[in-house]
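Me: I'd like to learn how to read a fold. Could you walk me through this one?

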Amino acid sequence: MNTQFKKGVLELVVMMVVSKKDIYGYELVKEVCNIVHVNEGTIYPLLKRMTNESIFETYLQESTEGPPRKYYRITARGLVVMKEIKTEWLEFSTSINKFINENKED
């Protein structure tokens, strides 16, 4: 998939995954990569920025498989932002799909 396409939708995908359930970083990376293939190193800076912007909050939870894991939870503000971005994405993609369908080459 085109890198610019990924950048445009990655934030929305991350918010939608976290909105389904609290999730730790590695698990989030695996779920996001099932939708949009990105490097692990792309996700963590995004999570840090979104946490700093109060879209996510974090907490530590003990793990039976090693050190405590940092979990991400979407905030009320994050839900509002996600809804806004989702609406923008749907309007944008509908407009682009309409344009493509109207300009199909035979």
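Me: Let's start with a pair of strands. Which residue is the bridge partner of Gln61 in β3?
Reply: Strands of a sheet pair through backbone hydrogen bonds, either parallel or antiparallel. Here the partner of Gln61 is Arg69 in β3. Two strands count as paired if DSSP finds at least two bridges between them, and β2 and β3 (residues 66-74) have seven, running antiparallel. A hairpin of two residues joins β2 to β3.

Me: Before we go on, what sort of model is this?
Reply: It's a predicted model, where local features need pLDDT of at least 70 and side-chain atom pairs count only at pLDDT 80 or more, while totals for chains, interfaces and linings use all residues. Residues are numbered from 1 along each chain as its sequence is written, and side-chain values use heavy atoms, with hydrogens and water left out.

Me: How many helices and strands does the protein chain have?
Reply: Helices (H or I, at least four residues) and strands (E, at least two) are DSSP runs, numbered from the N terminus. This protein chain has four helices and three strands, in the pattern α-β-α-α-β-β-α along the sequence.

Me: And what is the order of the strands in the sheet?
Reply: The order is β1-β3-β2, in an open sheet with antiparallel pairing. β1 (23-24) and β2 (56-63) are the edge strands, each pairing on one side only. Two bridges join β1 to β3, and Tyr24 has Tyr71 as its bridge partner in β3.

Me: Now the helices. At what angle do α2 and α3 pack?
Reply: Axes are lines fitted to C-alpha atoms, for helices over the stretch in contact, and angles run from 0 to 180 degrees between N-to-C directions. Helix α2 (residues 25-33) and helix α3 (residues 40-52) pack at about 120°, with axes 10 Å apart. That makes α2 oblique to α3, because angles under 35 degrees count as roughly parallel, over 145 as roughly antiparallel, 65 to 115 as roughly perpendicular and the rest as oblique. Contact means heavy atoms within 4.5 Å; Gly25, Tyr26, Leu28, Val29 and Val32 of α2 meet Glu40, Ile43, Tyr44 and Leu47 of α3.

Me: Where does α3 lie relative to the strands?
Reply: α3 lies across β2 and β3, at about 120° to β2.

Me: Last one: how many aromatic pairs are there?
Reply: Rings of Phe, Tyr and Trp (its six-membered ring) pair if their centres lie within 6.5 Å; planes under 30 degrees apart count as stacked, over 60 as edge-to-face and the rest as tilted. The count here is four. Among them is the edge-to-face pair Phe56 and Tyr72, 6.3 Å centre to centre with 70° between the planes.
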